[in-house]
Amino acid sequence: MRLSRYFMPTIKETPSEAQIASHRLMLRAGMIRQSSAGIYSWLPTGFRVLKRIEQIVREEMNAAGCHEMLMPTIQPADLWRESGRYDDYGPEMLRIKDRHDRDMLYGPTNEEQITEIFRNAVKSYRDLPRNLYHIQWKFRDEIRPRFGIMRGREFYMKDAYSFDIDYASAKRSYNKMFVSYLRVFARMGLKAVPMAAESGPIGGDLSHEFVILADTGESAVYCHRALLERDVLGSKIDFESNLEPIVADWTSHYAATDDKHDPDNCPVAPGDLVTARGIEVGHIFYSDTKYSDAMNCRVDTPDGQSVAVHSGSYGIGVSRLVGAIIEASHDDDGIIWPESVAPFAVGLIDLKPSDDACAAACDDLYGKLVAAGLEVLHDDTDDRAGAKFAAMDLIGLPWQLIVGPRGVKEGKVELKRRATGEREELSIEAAISKLTG
Ligand code: ATP
Ligand code: MG
């Protein structure tokens, strides 16, 4: 991508409306623009990151045996009247009337919609278990939208729904999502800690929030140090195997959010207790037969009885993750993207595009890197070197490849690693093989 033809409206000044780093940096890097309170447009660079995060989520959901689909954003109120949540939900729900005066709503979540689809299609235990998910926009008319896309009103969520014949099977579905979530966040370079969460009126202990630690998190969290020192991606997971030992091992260590933490009865020695702020990036939840009972979602058992289906809901804040990753990974100069979600892998900086040899070297490098499968942002603009470096640091691509006329004469370029600031001078060939190797 040539920067001279791209759309990335960066801002030098600090936007006054932004209170936290991720919001500030997303505006400055030209990733998002506000439309109205809590509602944002995703500009090309922000959209690239959003899509990369979405793809990691998709790959891990599919690996865990879930099936992707797509449900609408606008839902009929009658469905929500069946579950009783139309009245329970309150002003967070955006209620709409269509031209026939029918009550509609912009979905804040999709339990009712998926339960309706499922109950009409599935009648037998043979069709269980199933886990269906979609990645779709949600609307919640938050009382205090803030921190940019972190607490938006319109936001992008992955929500999965499991259907099982009984508790034991539902627990297996829950375990799959628990382990899958650990992998999703680890692949984004995040340490997400599963924390026991309030499970609401249903009771039981099957609800976990996945929280990443960051100073700007909205809630205080407490956990055993051991939970932050784990290598999640080190071992391959067979999702058809018994995952209970993995889940039991994670949940054996203390981890609690503010509302669950009792300082007087904390089981962790002070030296092992990490006290921090946290951002909720995912939430998994076993709902028992709450929706199936209310909406008559039943299947026949092998011995001919009819039972309500056990269900679970599993959300990931895909758009919130963009901000959460920045909160976890930035410095004074800008964003530091983990490679797995970076909008481009390499920023190719031409220090003097008016110099023919320099421009030719950049074109050659660009072609070779792209041919090797890398996404490259080629700064071919006439800006000053200082401005180019600052913009590249701001947008935080993992690598910067700096090409100037003097180096090109000697066949040399400079390679800078954004995360560490390390720079090295290399031959053009060595730089290519380092980036593509
Ligand atoms: P919160 O406690 O942050 O309000 P929640 O518990 O209401 O979130 P869930 O219903 O569990 O949210 O939704 C699943 C995920 O969607 C959350 O873990 C979070 O990552 C994301 N999410 C929820 N609300 C918002 C929002 N207003 N803006 C962006 N992401 C959100
Ligand atoms: Mg939640």
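Which residues coordinate the magnesium ion (ligand 2)? In this predicted model, the donors are Glu280, through OE, and His283, through ND1, at 2.3 Å. Both residues are also listed among those closest to the centre of the largest pocket.

**Metal site**
- Glutamate 280 has a relative accessibility of 30% and is therefore classed as partly exposed.
- Histidine 283 is likewise partly exposed, its relative accessible area being 23%.

**Largest pocket**
- Strand S13 (273-288) is one of the elements that supply at least two lining residues each, and S13 gives the largest share, eight residues.
- Other elements that each supply at least two residues include helix H4 (85-88), strand S8 (154-164), strand S10 (207-213) and helix H8 (290-295).
- By class, the lining consists of 18 nonpolar, 16 polar and 15 charged residues.

**Serine 319**
- Serine 319 belongs to helix H9 (residues 318-328), and H9 also supplies at least two residues to the lining of the largest pocket.
- With a relative accessibility of 3%, serine 319 counts as buried because the value falls under 20%.
- Leaving aside residues up to four places away in sequence, serine 319 is in contact with Trp42, Leu50, Ile149, Phe155 and Tyr156.

**Salt bridges**
- The whole structure contains 32 salt bridges.
- One of them joins the side chains of glutamate 375 and arginine 48, with an N to O distance of 3.2 Å.
- This pair connects distant parts of the chain, 327 residues apart: glutamate 375 is in the loop between helix H10 (356-371) and strand S20 (376-379), and arginine 48 is in helix H2 (residues 44-63).
- Glutamate 375 is partly exposed, at a relative accessible area of 44%.
- A salt bridge also forms between the side chains of arginine 183 and glutamate 60, at 2.8 Å from N to O.
- Arginine 183 is in helix H6 (residues 167-187) and glutamate 60 is in helix H2, so this bridge ties together parts 123 residues apart in sequence.
- Both partners are buried: arginine 183 has a relative accessible area of 18%, and glutamate 60 has a relative accessibility of 4%.
- Aspartate 249 and arginine 230 form a further salt bridge, their closest N and O atoms lying 3.2 Å apart.
- Aspartate 249 is in helix H7 (residues 244-251), while arginine 230 is in the loop between strand S11 (219-224) and H7, 19 residues apart.
- Aspartate 249 is partly exposed at 36% relative accessibility, as is arginine 230 at 22%.
- Lys51, Glu54, Arg58 and Glu68 are joined into one network by salt bridges that share partners.

Conventions. Residues numbered from 1 in each chain as written. Chains lettered and ligands numbered in written order. Predicted model: local features only at pLDDT ≥ 70, side-chain atom pairs only at ≥ 80, totals over all residues. Heavy atoms only, no water. Donors = N, O, S within 2.8 Å, 3.2 Å for Na, K, Ca; no water. Buried < 20%, exposed > 50% of the residue type's maximum accessible area, 1.4 Å probe, protein only. Helix = DSSP H or I, 4+ residues; strand = E, 2+ residues; numbered from the N terminus. Contact = heavy atoms within 4.5 Å. 1 Å grid on protein atoms, 1.4 Å probe; cavity = no way out; pocket = protein on both sides within 12 Å on 5 of 7 lines; lining within 4 Å. Nonpolar A, V, L, I, M, F, W, Y, C, P; charged D, E, K, R; others polar. Salt bridge = Lys/Arg side-chain N within 4 Å of Asp/Glu carboxyl O.
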